[in-house]
Amino acid sequence: MKNSLMKLVGGIGMAALLAACGGGGAESEGGSDGEVSGAQEGKLTVALTASSEGERNTFEELIAEFEEESEVDVEASFPAGGYEDQMRVQMAANDLPDVFDTHGWSQLRYGEYVLDQRDMDWVENLKPAMKDIVTDEDGKVYTYPVNMAQDGVIYNKNVLEKYGIEVPQTWDEFVEALKTVRDESGGQVAPLWVAGGDGFPLGQMVDQMMTPMFATDEENDYTEEFLDGSFDWSQYEWLPEQLLMLQEENLLNQDVLTAKYAQSAEIMAGEQAAFMFSGGSIGPDTTQVNPEVKLGLMPTPTVHEGDEPVWIGGERFTLAIFKDSKMKEEAKQFIEFMAEPDNAQRIAEGTNLASALEGVEADTYFSEDLKKYEGTEIVSYFDRVYLPSGMWDVMSTTTEELLAGGTPEQAADTMESEYDRLREE
């Protein structure tokens, strides 16, 4: 085996869930802490957004095996929180890594920089639910999605069983479940726990709920208006009104504006919360703290009568090839290796998410729940399709300002002004 040139740049955080990614680590030859590597002669450079220890370990093990099998040297980086900013710099210089993670933006943000993968072997096994997300109308395949997100709402099965709560399907049922937890626990359990101190969980919650508000119900489909810029933002006010109601009726954790995502597993393990809008990694993380606690995963609740619950997601981690890479063949070889059934299964289980390939059955923490809701539609994150780049941060900060003393009207006005500004950039 050649000496591994993997650049193990670490960082603990949440991959956005994101639709975002997460910084810092040991310095290694060829780059500084957290730096995304551009093309370097003789080495296949790979940049990934995987942020948790388990996720990184899985990729690192597979990369080492690929190096041994192929005799291709790989320099892998995991820049965590600095990923997006550094990739923007590298896009401006047209100097991207040979293989990189498009983290949900394969077409809208990175489309002009990636090589078409339609002729690669893995494509024939792509699940239909993912095909439309990474393929355009001309048939170009922008990236290999190594796993797929199916985000909904995490819940504590022990807490719901204790208080006799059925898993809700609608927003109204969800609010009633929160009230039951509040009343039956005497305020000792947070009905809905949100790590607002980190910002992104607020954006995650808003982004998820915009889909049933404005996209999935035929009679309340405003997607064309979002795309052409004609949406009336006064219709957005319902959501901040609901969030304020949750706060005022003690249905949110009291420390919502200071709580940190790193606390979430411990909170769930201590049965101090009933529901969370959170990533799938919280399941095994909670079990590590308290094996007696079991979490569940439900689809995002509906808003309008007659609508059906959906998963919010699409691709989570991906492997795209830089169109101007000098190592295109090695990059293709690397991706085909990662897409081999056994390796695809290892990635799915290591990231605790379902594989995007047919025939790859992964035993993940929430496999039972995903099986229960088999057939539930997977809808792409709202901001990835209908909002301009940059709106994720706006959703986070606007909601933070709302819960700190703002009004629904102010929230809607800010969303509108930032939406208009970002569309013009």
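**Reading the labels in a predicted model**

Trainee: Why is Asn-352 called buried?

Mentor: The relative accessible area of Asn-352 is 11%. Buried means under 20% relative accessible area, exposed means over 50%, and partly exposed lies in between (1.4 Å probe, protein chains only). Asn-352 is therefore buried. The model is predicted: local features need pLDDT of at least 70, side-chain atom pairs count only at pLDDT 80 or more, and totals for chains, interfaces and linings use all residues. Residues are numbered from 1 along each chain as its sequence is written, and side-chain values use heavy atoms, with hydrogens and water left out.

Trainee: Where does Asn-352 lie, and what makes its approach to Tyr-365 a polar contact?

Mentor: Asn-352 lies in the loop between helix 12 (341–351) and helix 13 (367–372). Helices here are DSSP runs (H or I, at least four residues) and strands are E runs of at least two, numbered from the N terminus. A polar atom of the Asn-352 side chain is 2.8 Å from the backbone nitrogen of Tyr-365. A polar contact is a pair of N or O atoms within 3.5 Å; within protein, one must be able to donate a hydrogen and the other to accept it, and residues adjacent in sequence count only if both atoms are side-chain atoms. The 2.8 Å distance is set against that 3.5 Å limit.

Trainee: What makes Arg-109 and Glu-84 a salt bridge?

Mentor: A salt bridge is a side-chain nitrogen of Lys or Arg within 4 Å of a carboxyl oxygen of Asp or Glu. For Arg-109 and Glu-84 the N to O distance is 2.5 Å, so the pair qualifies. The pair links distant parts of the chain, 25 residues apart: Arg-109 is in the loop between strand 3 (99–100) and helix 3 (128–134), and Glu-84 is in helix 2 (residues 83–92). Both residues are buried. The structure holds 20 salt bridges.

Trainee: How do you know that Arg-88 and Asp-85 are separated by about one helical turn, and are they buried or exposed?

Mentor: They are three residues apart in helix 2, which means about one helical turn. Arg-88, at 35%, is partly exposed, whereas Asp-85, at 52%, is exposed.

Trainee: Why does the pair of Glu-329 and Lys-332 count as a salt bridge?

Mentor: Its N to O distance of 4.0 Å is within the limit, so the pair is counted. Both residues lie in helix 11 (residues 328–338), three residues apart. Glu-329 is exposed at 54%, and Lys-332 is partly exposed at 28%. Elsewhere, shared partners join Glu-176, Lys-179, Arg-182, Asp-183 and Glu-249 into one network of salt bridges.

Trainee: What makes the phi of Glu-71 worth noting?

Mentor: Most residues other than glycine have a negative phi. Glu-71 is not a glycine, yet its phi is positive, about 60 degrees. Glu-71 lies in the loop between helix 1 (53–70) and strand 2 (74–77), and at 56% relative accessibility it counts as exposed. Asn-94 likewise has a positive phi, of about 50 degrees; it lies in the loop between helix 2 and strand 3 and is partly exposed at 34%.
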